Structures are given as C-alpha cells and as structure tokens.
Amino acid sequence: MNHPGLSVLIPVYNRDVTPLVRRLLVQAATWGEPVEIHCLDDGSAPEYRLRNRMLTTIAGVEYEELGYNVGRSAVRNRLAAKARYEWLLLLDNDSLLPDGHFLTRYAAARDLAPVLSGGTAYEGSAPPDASLRLRWLYGRSREARSAAVRQRAPHGQLTLNNLLIQADLFRRFGLDESLTRYGHEDTKFGWLLRQHGVNVVHVDNPVLHDGLEPATVFLAKTHDAVRNLVQLYKAEGLGAETKLLQAALRLQRWGLSEAVCTVFRLREAHVRSNLLSQNPSLRQLDALKLYWLLEELTQPFQYQLKAPTFLKESRRPA
C-alpha cells in the first residue's frame with residue numbers, strides 16, 4: 001500500500017543530476033506531504049557515476065547504479081518498484097525546473113485527474129552551435145505546446161518526461177520493456193491509458209529541456225523511434241492513427257511505396273546535408289522519417305513482449 005506523499009523518479013544516463021535534485025529538495029515542502037527522490041543510473045560513464053554518488057549522502061534521496069544499461073522502459077519500471085508514496089513524478093535527467101513553484105503547481109492540480117502531464121519548454125533563441133539547431137527546432141515546433149493544445153489529444157500527447165501519475169496506476173500497466181531502443185514507450189503507455197478509460201489532464205507546468213543533442217545523435221534516436229513505431233504496429237496493431245504511419249500505409253495501398261523509396265534514395269544525401277546544417281527543415285526530417293518507416297515495414301519481424309520487471313516479480317510463487 002502506498003503512503004501519502006510524492007516519489008520523484010529520475011533515470012540517470014551520462015548526466016550530472018545533482019543540480020536538478022537540489023532544486024527539487026528546495027521545493028519539497030510545498031508538496032504538503034513527504035517527498036522522496038529516487039535516482040537510478042542506467043550504465044553511465046564512470047565520470048558521471050562519480051559525480052552523482054554524492055547524492056547518497058543527502059537525506060530523502062536514494063541513488064543506485066545498475067551494472068549495465070537496461071533501457072528507458074526497464075529503468076523507469078525499476079524506479080517505480082522502489083517508490084513508497086502515492087504519487088510518482090517522472091522526470092528525465094536533462095530537465096531543469098522553470099522556477100521555484102514547480103511542485104506547488106502540481107500539488108494544486110493533483111485532484112484534477114490520476115494522470116497529469118506538465119509539458120516541456122525550450123529556450124526561445126536558437127543555440128549558437130549549428131549542430132544543435134535541428135534538435136532545438138524540433139523541440140520548439142513539435143514538443144513545446146501549451147496544455148490547451150495538448151489536451152485536444154490527451155493520451156496521444158502524453159510523454160513520460162514531466163508526468164505526475166498515481167503509483168498504483170503506473171504499476172498496473174508498466175512500460176513495455178521489449179522497446180529497448182529510444183522512442184514510443186510513452187506512446188504505448190498513452191494508448192493503454194486511453195484503452196482503459198483513464199483520464200489524462202494536461203497542465204501548463206513545463207520543465208525546460210536542457211539536453212540538446214547534436215543532429216547526428218538526434219537523427220539516430222529518431223530512426224530508433226521509427227523502428228519502435230513499426231514494432232508496435234506489427235505486433236499489436238498500434239500507431240495506425242499517427243500521421244507518419246497513416247501516410248506510409250496509404251502509399252502501400254496505392255502501390256507507391258517502392259517508387260517513393262527509390263526516389264528518396266537519390267535525394268538522401270541532400271536531405272541529410274540540410275538536416276546537419278544551421279538552417280534545417282522539419283519537412284526534410286518528416287520525409288526522411290517516412291522513408292525509414294516504409295523501409296522498416298518491409299523488413300522481417302520478430303517480437304516478444306516483455307512484462308514490466310515489477311509485474312514479473314509479483315507473479316513469482318511465494
């Protein structure tokens with residue numbers, strides 16, 4: 001049984017999270033009930049582990065390290081299994097709090113629904129480093145949306161970063177640990193909540209994204225996300241309502257997918273050059289994602305659903 005209070009869950013990977021943890025501790029009293037912070041390192045480089053180990057000396061903070069990288073879904077499931085309190089606040093390790101009232105706003109809104117999504121914000125000006133422009137532009141244009149806009153499709157706009165959720169509800173479903181690559185573990189979680197009629201309310205309480213990646217890294221992660229989307233579609237029929245998959249399936253029905261891929265291969269070098277430039281185009285990114293998706297749809301498929309860690313452990317005989 002969960003005790004009243006808040007468990008903040010932060011998966012750690014190659015990031016010094018001590019500034020984020022300290023800011024959360026300053027605001028902890030505004031929640032009105034006990035607050036604990038769990039940080040679980042998912043196979044970071046030694047220098048980051050060394051920096052974060054000082055968290056073990058701070059009251060109210062639990063810091064542990066995994067021996068190897070288990071992936072974005074599995075590490076969050078492990079964190080949820082450790083939590084003691086009624087509410088879970090999921091934060092990415094590259095988040096910054098916007099001000100001193102972040103937890104106050106969540107405390108005031110928690111009676112609205114069992115799931116609250118606060119959103120993400122980005123700096124208003126483009127980064128001077130050209131290699132970071134694509135990630136910044138994508139975040140500003142596609143991710144930094146007001147609560148009113150996100151509420152139009154509440155389950156489809158749910159993200160695991162900056163998500164406040166009742167602990168029992170999260171553990172009821174868990175995250176799909178077969179999605180070992182980057183991307184769409186939150187998409188599937190949102191689909192599950194919608195399927196079971198769980199209310200999701202979006203609020204304007206964004207965290208600031210402080211982890212802009214170089215375009216090459218972002219493109220690799222985006223490619224992984226496309227693979228995960230295809231995996232979910234082939235295995236469970238999920239994702240057919242996404243714009244990207246709808247476009248790909250239309251091209252397949254019209255018999256045009258092979259021709260589109262052939263034409264795109266001739267332009268791929270030009271598209272990548274644009275995306276790595278200081279003036280990247282999101283339309284070019286969308287075209288590249290569609291090409292990746294069409295190719296993935298033709299690949300042989302093998303899939304084995306992995307239950308969340310805490311669900312497997314709960315099924316063991318006493």
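This is a predicted model: local features need pLDDT of at least 70, side-chain atom pairs count only at pLDDT 80 or more; totals for chains, interfaces and linings use all residues.
In what order do the three strands of the open sheet run, and what is the pairing? Let me start there.

The order is S5-S10-S7, and the pairing is mixed. Strand S5, residues 95–96, is an edge strand. Strand S7, residues 120–121, is the other edge. Each of these two pairs on one side only. Now look at the S5 side of the sheet. S5 pairs with strand S10, residues 207–209, in the antiparallel sense. That pairing runs over two bridges.

Now the whole chain. The count is 13 helices and 10 strands. The radius of gyration is 20 Å, and the globule rule gives 20 Å for 318 residues, so the chain is as compact as a globular protein of that length. Along the principal axes, the C-alpha trace spans about 60 × 50 × 40 Å.

What share of the 318 residues is buried? The figure is 51%. Contacts next. Take those with a separation of 6 or more: 81% of them join residues 24 or more positions apart.

The accessible surface of the chain is about 15,200 Å². Carbon and sulfur atoms hold 51% of that. As for charge, the chain has 40 positive and 34 negative charges. Their mean positions lie 4 Å apart.

First, His-223. Find this residue in helix H9, residues 215–236. Is His-223 buried or exposed? His-223 has 17% relative accessibility, and buried means under 20%, so His-223 counts as buried. Which residues does His-223 touch, beyond those up to four places away in sequence? Trp-292 and Glu-296.

Second, Val-260. This one sits in helix H11, residues 257–275. Its relative accessibility is 30%, so Val-260 counts as partly exposed. Set aside the neighbours within four places in sequence, and Val-260 is in contact with Leu-251 and Leu-294. One distance goes with this residue. Asn-205 is 55 residues away from Val-260 along the chain. Their C-alpha atoms are separated by 41 Å.

Technical notes: Residues are numbered from 1 along each chain as its sequence is written. Side-chain values use heavy atoms; hydrogens and water are left out. Two strands pair if DSSP finds at least two bridges between them. Helices (H or I, at least four residues) and strands (E, at least two) are DSSP runs, numbered from the N terminus. The radius of gyration is taken over C-alpha atoms; the globule rule is 2.2 Å times the number of residues to the power 0.38. Buried means under 20% relative accessible area, exposed over 50%, partly exposed in between (1.4 Å probe, protein chains only). Contact means heavy atoms within 4.5 Å. Accessible areas come from the Shrake-Rupley method with a 1.4 Å probe; for residues, only the protein chains shown count as cover. Lys and Arg count as positive and Asp and Glu as negative; His and the chain ends are not counted. The place of a charge is taken as NZ of Lys, CZ of Arg, CG of Asp or CD of Glu.
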